[in-house]
Amino acid sequence: MPPFPDSVSSAAPAGSAAFLETAAGPEAARGAETSPVELDRALAELGDAALGFARMPPGEKAALLRSLLPGLLAAARPEVEASCAARGLDPGSAASGDVWLAGPCATITYVRRLAEALEDIAARGRPRLGRGAVRARADGRIEVDVFPADRKDALLYGHLRARVLMQPGATPDSVREAQARFYQQRDPEGGVALVLDAGAAAGAPLRDVLHQLFVEGRVAALALSPRHAALGPLLESALAPLLARGLLRVVRGGPEAGAALAGHPAVSAVHITGPASAHDALVWGPPGPLSARRRAAGEPLFHKPITSVLGGVSPVLVMPWLYGEEELWYQVRSLASQLARSASSGGQEATALVLPRGLVQRPLLLRMLRRALAGAPRLHVPPAGPAVDPHAEARREALAAGRAALEGERLEGSADAPLPPGIVRLGAPGSGELPWTWITGLSEADAGDALRDVEALSGALAVVEVGTSDPVEFLEAATRLCNDHLPGTLSASIVAHPISEEDPAVGAALGRALLELRYGVIAVNQPPAAVHAAAALPWGGHPSATLTDVHSGLGFVHNPAMLGPIEKTIARAPLTTFPRPPSFCDHRRAHVVGERLAACAADPGWGAVARVMAAALRG
C-alpha cells in the first residue's frame with residue numbers, strides 16, 4: 001500500500017476538507033486529529049485483515065459479535081453520561097431516557113440481532129424469516145413481515161408491527177435469493193469501508209460500522225466527528241475484540257483526516273452519516289461554481305461506492321377525524337417528545353406538522369401541543385461540545401426573518417380561518433437553551449424554501465395546512481406536498497384513526513399514500529424513532545435518490561434480515577398504547593427503562609423482560 005504523500009490535503013479530494021467543517025464547524029474541525037502516519041498505518045492494518053475477514057465463517061463472525069456484548073454493556077452508562085453532558089441533561093433524570101434508547105439500547109440490540117442472523121446463515125444459508133413472511137400484496141408488490149420477531153419483541157416494543165416493501169419487480173423467490181447477498185459469494189474479496197461521522201446521532205455511526213462489517217463483509221475505519229470525540233475512548237474499549245483483530249480502526253478526523261481517508265486508494269467504499277450538505281461537500285467539493293459543474297457533469301471527486309444516511313424534514317401528517325381527547329393528547333405528547341429529541345435525532349424527528357385545512361380540532365391540538373411542550377426539557381447548547389449545529393441559532397433567526405411574532409392564543413381561534421403566517425416562540429428559554437418555535441401559515445409553495453435549512457430546525461416545527469377536511473383529498477394534497485416540496489426522503493409519520501380506515505375509500509387512500517410517499521421509513525401512529533430504536537428494520541432514504549440529488553441518502557442500514565433491494569419500511573401501531581412509551585418526555589422512569597432495556601438487549605431472558613416491563617408500567 002502506498003504511504004500518504006507529504007501533503008495529505010493536497011492529494012485528497014478538495015471537498016473532503018469541507019466535509020467535517022460542514023459537519024461541526026471550522027472551530028471543531030481544528031481539534032486534535034489522527035496524524036497522517038497513524039492514518040496510513042490504520043489503513044495498512046485494515047487492508048491486511050480484509051480478505052481473511054471476508055472469508056471468515058459466519059458462525060465465527062456471530063461469536064465475534066457476541067463477544068462485543070459485555071464491553072458494550074459496560075460502556076453504556078459512560079456513553080450516556082458523555083452524551084448527556086453534551087446536551088446539558090442530567091444523566092440521572094428521566095430526560096436521559098431517550099439517550100439510552102437511541103444509543104446503547106439500539107446498538108446492543110442490533111449486535112445481538114446480527115449475531116442471530118449470522119447463526120442462521122451458518123445453519124441454513126440465510127437469516128430466518130417467519131413462515132409466510134414473504135408474500136404478494138393485492139397489487140402484486142412483494143412485502144416481508146420483519147417485526148416483531150418473537151413474543152419478547154411484542155412485549156418490549158408495544159404493538160409495533162412492521163413490514164418491508166420490496167422494490168417493483170421483486171418476487172418471493174427473488175427476495176429469498178437476494179437475502180444475505182455477500183454470504184452467497186464463494187470466495188468474497190471484501191475490502192476496506194470508511195464510515196464518516198458528520199455529526200449524526202451518537203451511536204448511529206457505530207451501528208453503520210457494524211453494518212459494513214457484518215452485512216457488507218468489509219473491515220472498517222470510523223472517522224469520528226469532533227462532536228463525538230469524547231465517545232472515542234469508550235468505543236475503542238467496548239469494541240476491543242474488533243480492534244485487536246485489526247478489523248476496525250477509530251480515527252479522529254479534522255479536514256485533513258477526512259480528505260485523506262475518503263480519497264485513499266485503499267478505501268473501497270464510503271458511508272456517510274449526517275446532513276446532506278456534508279455529503280455533497282465530500283462528493284462534489286465546497287459549494288460554488290466548480291462543485292456545480294462537477295455535479296452537472298456527473299463527475300464526483302472520487303469513484304467508489306458511496307452510501308449514506310442523511311437528514312431531512314420529517315413530516316407528521318394528521319388525518320382529519322374527530323379524535324377523542326385522550327387519543328389526541330397521546331399523539332400530541334408523541335409529537336412534543338420528538339421535538340424534545342430533535343437535537344440528537346439523526347433526522348427522524350418531526351420538523352413539519354401537516355394538517356388538513358378546516359380541521360375542527362386544530363385549536364385543541366395546538367393548545368395541547370403548547371401544554372405538552374411547556375413540560376418538555378428544553379434543548380441546550382452548552383459552550384463546549386454542542387449537541388446541535390453551533391451555527392443553528394443564527395440560521396434559525398434568518399429563517400424567522402420577515403415573519404411576524406405571534407402569540408399562541410391567536411392560533412387557537414376558529415378552525416375555519418387559515419393559520420396566520422408568523423413565528424410563535426413558546427416561553428422564555430434560559431441561558432444556553434433553544435426556544436420552542438412554530439413557523440405558521442406556510443403555503444405548499446413556500447414550505448420547501450422555508451424548511452430547506454434542515455440543520456437549523458432543532459426545536460422548531462413548521463405547521464402547514466393542505467387539502468380539505470375530507471380524508472381522501474387531504475392525503476392526496478399531503479402526498480404532493482411531501483414529495484414535491486419538502487426536502488429529504490428519510491422518514492414520515494401519519495396519524496390515522498383506525499375507525500376511519502373502515503371506510504373503503506379512506507382505507508384505499510391511506511394505502512395509496514403509504515405506497516406513493518417517497519420516504520424510506522413511514523410510521524402510522526408511531527414516531528419513526530420507534531423503527532430506528534428497534535434495530536431490526538431497514539433504515540435509510542427512499543431509493544429514488546441519486547448521487548447528484550441525494551435527498552436523505554443512498555442505501556439502507558439496520559437490516560439484520562439482510563434483505564434487498566428495499567423500497568421502504570412501513571410500521572404501524574394503535575392510536576394509543578399502554579403503558580406510555582419510554583420515549584415520551586413525560587415518562588417518569590424513562591432512564592430506568594432505558595438502562596434495563598440495554599441489559600435485556602444483551603441477554604433477553606424472561607426475567608430481564610419482566611424488569612423492563614415493571615419500570616415501564618411505573619412511568
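**Reading strands, helices and loops in a predicted model**

Me: In which sense do strand 14 and strand 15 pair, and over how many bridges?

Reply: Strand 14 (residues 491-495) pairs with strand 15 in the parallel sense, over four bridges. Pairing requires at least two DSSP bridges between the strands; strands (E, at least two residues) and helices (H or I, at least four) are DSSP runs numbered from the N terminus. Within this pair, Ile494 stands opposite Val524 of strand 15. The model is predicted: local features need pLDDT of at least 70 and side-chain atom pairs 80 or more, while totals for chains, interfaces and linings use all residues. Residues are numbered from 1 along each chain as its sequence is written, and side-chain values use heavy atoms, without hydrogens and water.

Me: Through which helix does the chain cross from strand 14 to strand 15?

Reply: The chain passes through helix 19 (residues 504-516), and this β-α-β crossover is right-handed (clockwise from the first strand over the helix to the second, with the strands pointing away from the viewer). By contrast, strand 15, helix 20 (residues 528-534) and strand 16 form a left-handed β-α-β unit.

Me: How many bridges join strand 15 to strand 16?

Reply: Strand 15 and strand 16 (residues 566-572) run parallel and are joined by four bridges. Thr569 in strand 16 is the bridge partner of Val521.

Me: Are the residues on the two faces of strand 15 buried or exposed?

Reply: Strand 15 (residues 521-524) is covered on both faces: Val521 and Ala523 on one side, and Ile522 and Val524 on the other, are all buried. Buried means under 20% relative accessible area, exposed over 50%, and partly exposed in between (1.4 Å probe, protein chains only).

Me: Where does His303 lie, and how exposed is this residue?

Reply: His303 is in the loop between helix 13 (289-297) and strand 8 (306-310). Because its relative accessible area is 60%, His303 counts as exposed. The C-alpha atoms of His303 and Gly263, 40 residues apart along the chain, are separated by 9.1 Å.

Me: Where is Ser35 placed?

Reply: Ser35 belongs to the loop between helix 2 (14-29) and helix 3 (36-54). With a relative accessible area of 27%, Ser35 is partly exposed. Ser35 and Arg252 are 217 residues apart in sequence, yet their C-alpha atoms are 8.9 Å apart in space.

Me: Which residues of helix 14 and helix 15 meet?

Reply: Among them are Leu328, Trp329 and Val332 in helix 14, and Leu365, Met368 and Leu369 in helix 15 (contact means heavy atoms within 4.5 Å).
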